[in-house]
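This report describes how the secondary-structure elements of one protein chain are arranged and which side-chain pairs connect them. The sequence and the structure are shown first.

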Amino acid sequence: MGVFATRTPHRYNPIGLSICKVEEVHEQSLVISGIDLVDQTPIVGMYPYTKNHAVKSADLIIPDWLEQTKTSTVAVTWSERATRMLADECGDQDGQNPSQQDKAEQLTRTIERILELNPHTVSTIKKQADEIIYAIQIGNLQVIYQYNGVARSIHVECVLNRDKHADLEVFQYKIRSSQWYTAAVGLLATLE
């Protein structure tokens, strides 16, 4: 994500960061006020204000769609296959190596913490009632899971290392593309 999209005040160049009020919206232009610019200063980008920013003002209007948040975490479970695959990735194929076992447990907990926060958008959560296959990429690992919107749960199906399995079709496509989805469904069918 770019430095402008994150809205960080810590920038490597002298570009300023200000909050302004949008007065009017035209076809190709905006009329703004309350900004600390000299006339004719170019504006590099305009980003919506969110309630996560520290600035408080009675004049700020935050739309309803932005107020909708994910209120709770989701339950995360693991298939035996995914647990075994993650242990293999950490070098603990037989469960006898304590340091590798610790590494696998730490990585499992890290993945669970990420998934518990539900990486899906509010709109995806609202429209997704059935189980559907998704994935997240963590370093060189692709974690493929099923998300159930009704039960508010995630079930991890498998964990694949791109370095070891680069020939698999799921690594040939962008995650969540229709081609990736077809490849993931086929992969899970062959693993059963």
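Glutamate 89 counts as buried, because its relative accessibility of 17% falls under the 20% limit. The model in which this value was computed is a predicted one. Glutamate 89 belongs to a set of buried residues in H2 that also comprises Arg81, Ala82, Met85, Leu86 and Ala87. Just after H2, glycine 91 adopts a positive phi of about 85°.

Glutamate 89 is paired with lysine 164 in a salt bridge whose closest N and O atoms are 3.6 Å apart. Since glutamate 89 lies in helix H2 and lysine 164 in the loop between S6 and helix H5 (178–191), this pair ties together parts that are 75 residues apart in sequence.

## Salt bridges

In total, a search of the whole structure identifies four salt bridges. Another of them joins arginine 81 to glutamate 157, with 3.0 Å between the closest N and O atoms. This pair also links distant parts of the chain: arginine 81 is in helix H2 (residues 80–89) and glutamate 157 in strand S6 (residues 153–161), 76 residues apart. Are the two partners buried or exposed? Arginine 81 is buried, with a relative accessible area of 14%, and glutamate 157 counts as buried at 11% relative accessibility. Leaving aside neighbours within four places in sequence, glutamate 157 is in contact with Ser79, Arg81, Ala82, Ile144, Tyr145, Gln146 and Leu188.

A further salt bridge connects glutamate 112 with arginine 109, and here the closest N and O atoms are 3.1 Å apart. Both residues lie in helix H3 (residues 98–116), three residues apart, which is about one turn of the helix. Glutamate 112 is buried, with a relative accessible area of 16%, whereas arginine 109 is partly exposed at 31%. Salt bridges link Arg109, Glu112 and Glu116 into a network.

## The mixed sheet

Which strands make up the sheet, and in what order? Four strands form an open sheet with the order S3-S6-S5-S4, and their pairing is mixed. Strand S3 (75–78) and S4 stand at the edges with a single partner strand each, so one side of each has no neighbour in the sheet. From one strand to the next, the twist averages 30°.

In general, strands of a sheet pair through backbone hydrogen bonds, in either a parallel or an antiparallel manner. S4 and S5 run antiparallel and are joined by eight bridges. Within this arrangement, alanine 135 stands opposite isoleucine 144 in S5.

## Helices packed on the sheet

H2 packs on the sheet and touches S3, S5 and S6; the direction of H2 makes about 35° with that of S6. H5 likewise packs on the sheet, where its contacts are with S4, S5 and S6, and the direction of H5 makes about 100° with that of S4.

## Aromatic pairs

The search of the whole structure finds two aromatic pairs. One of them is formed by tyrosine 134 and tyrosine 147, with 6.4 Å from centre to centre and 65° between the planes, an edge-to-face geometry. The pair links distant parts of the chain, as tyrosine 134 is in strand S4 (residues 131–138) and tyrosine 147 in strand S5 (residues 141–148), 13 residues apart.

Tyrosine 134 counts as buried at 5% relative accessibility, and tyrosine 147 is buried with a relative accessible area of 0%. Ring pairs link Tyr134, Tyr145 and Tyr147 into a cluster.

## The nonpolar core

How many residues does the largest nonpolar core have? The core contains 29 residues, and those with the most contacts inside it are Trp78, Leu115, Ile144, Val156, Leu160 and Val170. At least two residues of this core come from each of S3, H2, H3, S4, S5, S6 and H5.

Beyond its neighbours within four places in sequence, tryptophan 78 is in contact with Thr83, Leu86, Thr108, Ile111, Glu112, His155, Val156 and Val159.

Terms used:
Residues are numbered from 1 along each chain as its sequence is written. This is a predicted model: local features need pLDDT of at least 70, side-chain atom pairs count only at pLDDT 80 or more; totals for chains, interfaces and linings use all residues. Side-chain values use heavy atoms; hydrogens and water are left out. Rings of Phe, Tyr and Trp (its six-membered ring) pair if their centres lie within 6.5 Å; planes under 30 degrees apart count as stacked, over 60 as edge-to-face and the rest as tilted. Buried means under 20% relative accessible area, exposed over 50%, partly exposed in between (1.4 Å probe, protein chains only). A salt bridge is a side-chain nitrogen of Lys or Arg within 4 Å of a carboxyl oxygen of Asp or Glu. Two strands pair if DSSP finds at least two bridges between them. Axes are lines fitted to C-alpha atoms, for helices over the stretch in contact, and angles run from 0 to 180 degrees between N-to-C directions. Contact means heavy atoms within 4.5 Å. A nonpolar core is a set of buried Ala, Val, Leu, Ile, Met, Phe, Trp, Tyr and Cys residues joined through side-chain atoms within 4.5 Å.
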